[in-house]
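Dear colleague,

Please find below the structure that I am handing over to you. My notes on what was found in it follow directly after.

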Amino acid sequence: MATLIHCFFFADAEAFLMKNAKVNLCLQASPTNGNLLLQDCNPESDFQDWAWQGDSLMNQGTRSCLSAVGADRVQTGLCGTGWDCSDSLLSPLGSSQGYLVANRKGVALNNVRGLKAQWQDVADRSVCEEKAVEEEQEMFFPAALASTHVYNYAAGNVTLMLGISQEELEELLWFFRREDPSMWDYSMLALSFVAMILGLLLLAINVARNRKRKIHMYREAAQSAQQAELQAKQALMTMQEDSSAEPQKLEAVPQDERSGEVMVQWKDGTVTSLYTERSEEAV
């Protein structure tokens with residue numbers, strides 16, 4: 001388990017580009033013949049990704065290491081050459097062949113100590129800092145990483161002491177590096193479904209509350225209209241009662257009154273003329 005964690009951690013997190021400080025081009029491994037080229041930096045290219053594996057520099061695209069061949073030649077091959085890194089300068093361990101230098105053809109070994117021999121990542125940090133970070137992180141796995149790799153130069157393959165072959169190790173590294181996003185996609189789909197349900201629930205609650213508020217307002221308006229109508233009817237009935245009472249009082253006065261007569265209505269209800277006309281005969 002510790003070996004798998006180590007493989008996962010260093011296969012992706014510690015990959016970096018090797019940019020020359022003089023020409024501002026990145027070191028790229030050829031997938032066919034092991035040659036090394038200087039190309040424009042492309043973080044998407046696996047053939048420009050390098051990672052420290054102990055003292056070796058492994059290319060993530062070809063799964064081979066930076067190796068010194070002959071007096072001044074450098075190419076990718078078996079992980080047999082260790083590199084000493086100091087002040088952004090790379091030189092083969094246990095050799096006086098010089099430093100890794102950029103030239104017109106690509107890279108070579110030379111004793112020049114200048115910008116052509118200085119290698120950085122895309123953030124202009126020294127590749128030696130990348131190695132220091134890798135060594136600090138290895139301290140978290142002292143037991144599992146004590147003697148992990150055993151190099152078999154005769155067979156040309158790298159095996160693990162735990163019995164995992166190079167092909168199986170590369171398959172595991174590629175699996176962890178791809179990081180299957182299906183679990184994340186399913187989680188986001190579930191969260192989207194929950195958010196949709198909550199949105200529909202809030203919408204239904206809002207519609208119901210608006211409907212209740214409109215019904216309440218309609219009832220209040222209807223009650224107000226009924227009260228106004230009732231008050232109008234009561235006022236009309238009062239006016240009709242007042243108008244019907246006046247004719248009754250007038251009806252009590254006899255209708256056969258003559259002009260110039262003064263009629264008196266007594267308490268017993270009888271009506272008489274105040275002045276009784278004398279007949280013409282009596283005169």
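The charged end of Lys 131 is placed over the ring of Trp 52, at 4.9 Å from the ring centre. A charge is taken to sit over a ring if NZ of Lys or CZ of Arg is within 6 Å of the ring centre and within 35 degrees of the ring normal. Aromatic pairs, by contrast, come to a count of 0; the rule pairs rings of Phe, Tyr and Trp (its six-membered ring) if their centres lie within 6.5 Å, with planes under 30 degrees apart counted as stacked, over 60 as edge-to-face and the rest as tilted.

Please bear in mind that this is a predicted model, in which local features need pLDDT of at least 70 and side-chain atom pairs count only at pLDDT 80 or more, while totals for chains, interfaces and linings use all residues. Residues are numbered from 1 along each chain as its sequence is written, and side-chain values use heavy atoms, with hydrogens and water left out.

The structure holds 3 disulfides, a disulfide being a pair of cysteine sulfur atoms within 2.5 Å. With bonded cysteines counted along the chain, their pattern is 1-2, 3-4, 5-6. In the descriptions below, helices (H or I, at least four residues) and strands (E, at least two) are DSSP runs, numbered from the N terminus. Buried means under 20% relative accessible area, exposed over 50%, and partly exposed in between (1.4 Å probe, protein chains only).

Cys 26 and Cys 41 are bonded with their sulfur atoms 1.9 Å apart. The torsion about their S-S bond is about 90 degrees, so this disulfide is right-handed. Because Cys 26 lies in strand β2 (residues 26-29) and Cys 41 in the loop between β3 (36-39) and β4 (50-53), the pair ties together parts that are 15 residues apart in sequence. Cys 26 is buried, at a relative accessible area of 0%, whereas Cys 41 is partly exposed at 30%.

In the disulfide of Cys 65 and Cys 79, the sulfur atoms are 1.9 Å apart. A torsion of about 70 degrees about the S-S bond makes this disulfide right-handed. The pair links distant parts of the chain, 14 residues apart: Cys 65 belongs to strand β6 (residues 65-69), and Cys 79 to the loop between β7 (73-77) and β8 (83-86). Cys 65 is buried with a relative accessible area of 1%, and Cys 79 is buried with 10%.

Cys 85 and Cys 128 form a disulfide with a sulfur separation of 2.0 Å. Here the torsion about the S-S bond is about -90 degrees, so the disulfide is left-handed. This pair, too, links distant parts of the chain, with Cys 85 in strand β8 and Cys 128 in helix α2 (residues 127-138), 43 residues apart. Both cysteines, Cys 85 and Cys 128, are buried.

Two backbone positions follow. Most residues other than glycine have a negative phi. Arg 63, although not a glycine, has a positive phi of about 60 degrees. Arg 63 is found in the loop between β5 (56-59) and β6 and is partly exposed, at 22% relative accessible area. Asp 124, also not a glycine, has a positive phi of about 60 degrees. Asp 124 is placed in the loop between β12 (119-120) and α2, partly exposed at 49% relative accessibility.

Finally, an unreviewed UniProt entry places a "transmembrane region" at residues 186-208. UniProt positions are given in the numbering used here, feature names are shortened, and annotations may be inferred rather than shown by experiment. In the model, residues 186-208 are 100% helix and 0% strand, with the end C-alpha atoms 33 Å apart.

With kind regards
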